[in-house]
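The sequence and structure are shown first.

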Amino acid sequence: MIELTIDKKKVRVEAGTTILKAARKAGVEIPSLCRFELCGMGIENRPGGCRVCVVEVEGRRNLAPSCITEAQEGMVVHTRSIRVLNARKTVLELIISDHPSDCLVCAKSGRCELQNLAIQFGVRNKPCEGEQSHYRKDTSPSLIRDVDKCIMCRRCEMMCNDVQTVGALSAVNRGFMSVVAPAFEMNLEDSPCTFCGQCVSVCPTGALTEADHTGDVIRALSDPSKTVAVQTAPAVRAALGEEFGLPPGTSVTGKMASALRELGFDYVFDTDFSADLTIMEEGTELLQRIRKHLDGDPDVRLPILTSCCPGWVNFFEHNYPDMLDVPSTAKSPQQMFGAIAKTCFAEKKGLNRNDLVVVSVMPCLAKKYECRREEFKVDGNPDVDCSISTRELAAFIKQANIDFTNLPDGVFDDPMGESSGASVIFGNTGGVIEAACRTAYELYTGKTLERVEFHALRGMEGIRSATIDFDGLPLHIGIAHGLGNARRLLDEVRAGKSQYHAIEIMACPGGCIGGGGQPYHHGNSEILNRRAAALYAEDERKAIRKSHENPSIIKLYREFLDKPGSHRAHTLLHTKYFPKSSSMSMSRRNGVNSEQK
Amino acid sequence: MNGIKTLADLKRKQEEVMSRMGQRNRGENPESLVQVKVAMATCGIASGAKEVMEYFMDELDRKEIDAVVTQTGCMGYCFAEPTVEITLPGREAIVFGYVDIRKAGEIIERYIGEGELLDGIIPQNYNTI
Amino acid sequence: MSKYKMHLLVCGGTGCHSSESYRLYETLRDQVEKRGLERDVQVILTGCFGFCEKGAILKVMPDNTFYTQVKPSDAEEILDEHIIKGRRVHRLLYTNPETEEHVPDSKQMDFYRKQLRIALRNCGAVDPENIDESIARDAYQALGKALTEYTPAETVDLIKRSGLRGRGGAGFPTGLKWEIAARNGADQKYVVCNADEGDPGAFMDRSILEGDPHSVLEAMAICGYCTGASKGLVYIRAEYPLAIKRLKIAIGQAREYGLLGEHILGTDFSFDVTLRYGAGAFVCGEETALIHSMEGKRGEPSNKPPFPAQSGYLGKPSNVNNVETFANIPVIILKGAEWFSAIGTGRSKGTKVFALAGKINNVGLIEVPMGITLREIIYEIGGGIKNGKKFKAVQTGGPSGGCLTEKHLDTPIDYESLTAAGSMMGSGGMIVLDEDDCMVSVAKFYLGFIVEESCGKCAPCRIGNKRLHEALTRITEGKGEADDIDRLRNLGTVIKDTSLCGLGQTSPNPVLSTLDNFMDEYREHVHDRKCRSGQCRGLLFYVISKDDCIGCMACRRVCPTHAISGEKKGVHVIDQHICIKCGACMEKCQFDAISLRNDYPRATAAAAVQEESSTHS
């Protein structure tokens, strides 16, 4: 322990503590901008670039960035001397001088950390006005780069490279024209970007935002010839309330269903329904592969990898084109929902698929890309027409002046609104594999699972493993969330050293609850923990907690699909994967789309 | 090239190289060394100045006397070629005439070595460049 | 083995190279061969002699004759007259500008008289492409001495006692740096030579590498011995092809002799050196940025600590020194710490190499003992200001440095006094300015360089320097606003106070030091719309003299904007609001009636500029 003085207060901290954290302990909150931390997940960004957090350290020639300067024994720190205040404000004015002033129409307005600082510092004029840097705006199906608003905090670069190991974004150019961009300033869509959206979730300004598709939804709702069905992903209900001032971890499933109905959707369904369907297909595939493996079939590939996460699918198509037969062929719940809605449901209702619009509300930005994939279209008509994020839905509800917090709890419509507890936990890391285990166990052993919670599969560590006893068969399960962690498990698989039978992978840290389309957590990892807890609690509240016991699912198979893995199920609910090489990316840029179909 | 495996090897190498190019480095501070200027115009060369100059260089090296041996133009004493001007540190320059190899040996031995004046000094009434 | 009787040393530095020294070298060789003298006369290409103003340089040894401005066509005469007949070619000798006497011995020239060449000791004396020549001049003797006579700790102690400080700019004590690197344990450590010389006009590191690469390699090996590193890396900019070529040759020859590699000189010490190329970014001279660049990452600095000595190249302890610092090491070991520390001033020991440039007679590379005054450098070594103009200032330390004025002429040059005077030692750029130079424009020039070279990582440097440059541009265009001067000072102070690395922390120095020393000029630009040196085009006005104009109307006809009015045979007038300063009128006037003036009546000038800026905005 060392002792130092901050603003005349003595404080004792562990050696190695930064001045910023020592000050926090002394009750002094030093403003910062580029610094970002997701505690407990090893995610940290402190390049020391913005210089907003500078403080005066006695005996030091210049001001010290408090976010990276370690406290020393006997150090005397001033965080609010005139020299410090002037420097901080001048630096902030400089940053603002190279930032557009279109706050009124900025997607990040109200949630912008730069705006907050401008308010805190009382910036009232622009003494540093001068030339502003301008860059090409880059629009992709999932996210938009408007890097005129980039302040070079490098958080997105840290996320994309260090956490996700995607490597799509890094600082380019020099000096005043420095900006974070894909290599050669190519479009994100042509880069190795997976559209996981983690860059968006950490961007302090409006430089990186989701591509807003609310307009498409409104157009569909206002078209009398269209029937509009909406599906909501499990993680959305655990976070949507935050946008309306409810405490993190408040489950708003019922209010969300009511709000969607108020907004005018004809059918309010639940992606949880198709999550159960996913378990049926994926669980069956898992068991098939394991049985073949036990029978000594040399061609079977193990481990099987989950495939619900579209960011993850993009990642392995880019990075593991040699292993495309490893993941499960089951479509994601979003796409299974679309496929059933536009076939079975549309038939039942006597609707032409072109007149049925399927909207999804997702915690995810990669879902926007996923629903546009060519293999998920029939004669050009997509199974899911349009995907909006949790944030977009919240904005839509606000725009429609719906008093969200006082809404009565509604219920989902039949037949695609019923779900088991297993599907709810899809939103958490480890949830998909836990749901799969509940079903696979009973199907494999023929016994009833008494305790459905597999606590060994839960938690927030980046890579976890557990062995589940399938009545004498030890099933080795691996779990990774965050693509960097996924890469480590995948490299093992590629090297033939993987010890697992099945691996669940989620692109986003925490799983879907931490998705790129969720309300901004601003680095508060406690918010992620609360969302996870909310989903587990909702699972516990459910009467049915195993996917194969969902009556609507049973009925769907009986009436329409026959059985899991049937020919019809394969046609509708399974997909295949495509290698994404840079040459292909280039050909796509030129409008050639041969590989996708 | 052979490897240099010890510090002694390095010193030996240095000596070997120095003997070839030693004249270059000595030229930096001629005032502190023995300066030998051999007149090497046509008349001098015809009378054997070239051999005399080589003799000076070899002999001074052999005796480990730090000296700068240079050539110079005709000193005007064509009758007395080869002529050689010797400057000992801190002394006036002296010009010797009729310097053949025997005479050169004597100069090195007695004038340069002992500081004795010898026969054959030509009164100096010119300035070399 | 036969001995060479004559040595012709042709300067092969980049400066003389551009004065065709290579052709001179070839011609001399051809001529020597033609005359059958190749056994008696050795022609070599050496490193830089420093007197670049007078290139190409040819030195004849042992005659100690220093020829200047030698052209390839002079080769024949030099051989016939000097080499064969022993008569110096007088017209090629340096002429003392005051006495008009020919000076054959470089030591007698003012340019060299006050110099003390330690780091540059072998530049101009050896063929850098032949290791034997360096060995003849003691190369690797210091390494041998350290390896056989001293422990690493004793060697470090010797360097510490010598008082040597980093020559790259900041002046950190070299011995202390080595000691810290030695203290940090690791399975692998590195010695890095910073050859990313980036100050505009500075070329001392290049000259050392081109002229004496072995001294740097030897010093790196000594440093490796002291710090426990077995690998050395030279980070050199790819724009230095000649230095790279000679380094490669030197490394190859040293390896062949076993002076680099395993078990050097029969000891347990092994050390080897490889090259890493930079793309010439100024900021990569900063050691953390340099290391990132070597690792293949974006060349941008990171916070210190951790220092490279703790976590450097590939996360391993690394000792980074600049070329000139290394070049001093072998001599210190051979001659002793006391010999070195006897040179220089209180806390600044030894010598410093400066690249002397600008409005000065003797442009070139000089090495002087610390403590020499600016006056000695400028008026004795430099031979005074060109064309008899008046001295105004000298810019030292490159873009990180500042301007020193007349009142600093007798300040002894060392780390402390330069910093106290508002400049810095820097890597050794020294640019002399005369009365014709506009100090606001000088500050603008350096800020322009910084804006180009900032890496963009931290906000104050990335945006702040841009804003400084914009304000300076406004002022030099005559569009300065009343509060621009205060703004420059505040912004400059904050950038210094908050920037991440040494580049940003020193980048406003050219502005702040000119504000301190030349406030009058700033005020004149802003308030009087006047540039006293006439450098700022935006503050010059074409004016027709009443007395000289005969009313021929030629100017009126040629003016593209119809700014000139006046009747035939009447005096013509230029409307400054319309004039675009193209100069066509002045060119056309047969009677020298039109002049370009910076002292146009203030009110009119201010109004004109105001008008122009309002039409532009």
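## Terms and model

A residue is called buried if 20 or more other C-beta atoms, placed from the backbone, lie within 10 Å of its own, exposed if 12 or fewer, and partly exposed in between. Helices (H or I, at least four residues) and strands (E, at least two) are DSSP runs, numbered from the N terminus.

The model is predicted: local features need pLDDT of at least 70, side-chain atom pairs count only at pLDDT 80 or more, and totals for chains, interfaces and linings use all residues. Residues are numbered from 1 along each chain as its sequence is written, while chains are lettered from A and ligands numbered from 1 in the order in which they are written.

## Strand E8 of chain C

Strand E8 (residues 231-237) of chain C has six of its seven residues buried, so that the strand is mostly covered.

Strands count as paired if DSSP finds at least two bridges between them. Strand E7 (residues 190-195) of chain C runs parallel to E8(C), joined by six bridges; C:Val191 has C:Gly232 as its bridge partner in E8(C). Seven bridges, also in the parallel sense, pair E8(C) with strand E9 (residues 272-278) of chain C, where C:Val273 stands opposite C:Gly232. Between E8(C) and E9(C) the chain passes through helix H11 (residues 241-257) of chain C, in a right-handed β-α-β crossover (with the strands pointing away from the viewer, the path from the first strand over the helix to the second runs clockwise).

## Contact of chains B and C

The contact (C-beta atoms, placed from the backbone, within 7 Å) involves 31 residues of chain B and 28 residues of chain C. On the chain B side, helix H1 (7-26), helix H3 (49-62) and strand E2 (67-72) each give two or more residues. H1(B) supplies the largest share, 13 residues.

Terms used:
Two residues are in contact if their C-beta atoms, placed from the backbone, lie within 7 Å.
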